[in-house]
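Here is a short walk through one structure, from its confidence to its ligand and its ring pairs.

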Amino acid sequence: MQNSTVPPRFSRREALRTLIVASGMTVALLRQRALSAAAPGAAAPGAQAPHLDVKDPAAVAVGYVEDAAQVDAKKFPAYSKGSNCANCLQLQGAEGASYRPCTLFPGKLVATAGWCSAWTAEI
Ligand code: SF4
């Protein structure tokens with residue numbers, strides 16, 4: 001026989017409430033994952049980052065060109081012949097690729113033959 005003065009340790013109502021809260025959190029997490037996977041511009045795992053567009057406002061701001069031979073030396077008097085992304089301190093990634101990451105443009109690849117006014121000599 002059960003003692004009617006002692007309440008049950010975990011009522012059916014509490015169990016149901018806990019289950020509903022837990023399932024709601026699971027649905028919210030799954031929805032968040034689905035949204036982030038479908039986000040425009042999100043690169044698939046293993047996919048290469050897009051090339052930096054020379055018309056991108058951030059690229060225009062620093063005079064980025066894909067071919068250092070196209071640098072307007074009058075507009076950028078600091079440009080010195082022979083300087084390009086391949087010998088810039090900001091360039092990342094593996095040697096040999098014609099497009100590589102640059103610390104100045106996260107998520108984009110720059111042409112190793114390119115140049116911008118943020119060029120910094122390798123140490
Ligand atoms: Fe190229 Fe250097 Fe400018 Fe990056 S910071 S775009 S590597 S010149």
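**Aromatic pairs, ligand and confidence**

Three aromatic pairs are found in this structure, which is a predicted model. One of the pairs joins Tyr64 and Phe105 in a tilted arrangement, with 6.2 Å from centre to centre and 55° between the planes. Tyr64 belongs to the loop between α2 (57–61) and β1 (99–101), while Phe105 belongs to the loop between β1 and β2 (109–111), so the pair ties together parts that are 41 residues apart in sequence.

The ligand itself sits in the largest cavity.

How far can the chain be trusted by the predictor's own score? The mean pLDDT of the chain is 78, and 63% of its residues reach 70 or more. Over residues 18–42 the pLDDT is below 50. Beyond near neighbours in sequence, that stretch has two contacts in the model.

Note on methods:
Residues are numbered from 1 along each chain as its sequence is written. This is a predicted model: local features need pLDDT of at least 70, side-chain atom pairs count only at pLDDT 80 or more; totals for chains, interfaces and linings use all residues. Side-chain values use heavy atoms; hydrogens and water are left out. pLDDT is the predictor's confidence in each residue, from 0 to 100. Contact means heavy atoms within 4.5 Å. On a 1 Å grid over the protein atoms alone, a cavity is a set of points where a 1.4 Å probe fits but cannot get out, and a pocket is an open set with protein on both sides within 12 Å along at least five of seven lines; lining residues have an atom within 4 Å of a point. A molecule sits in a cavity or pocket if more than half of its atoms lie within 2 Å of its grid points. Rings of Phe, Tyr and Trp (its six-membered ring) pair if their centres lie within 6.5 Å; planes under 30 degrees apart count as stacked, over 60 as edge-to-face and the rest as tilted. Helices (H or I, at least four residues) and strands (E, at least two) are DSSP runs, numbered from the N terminus.
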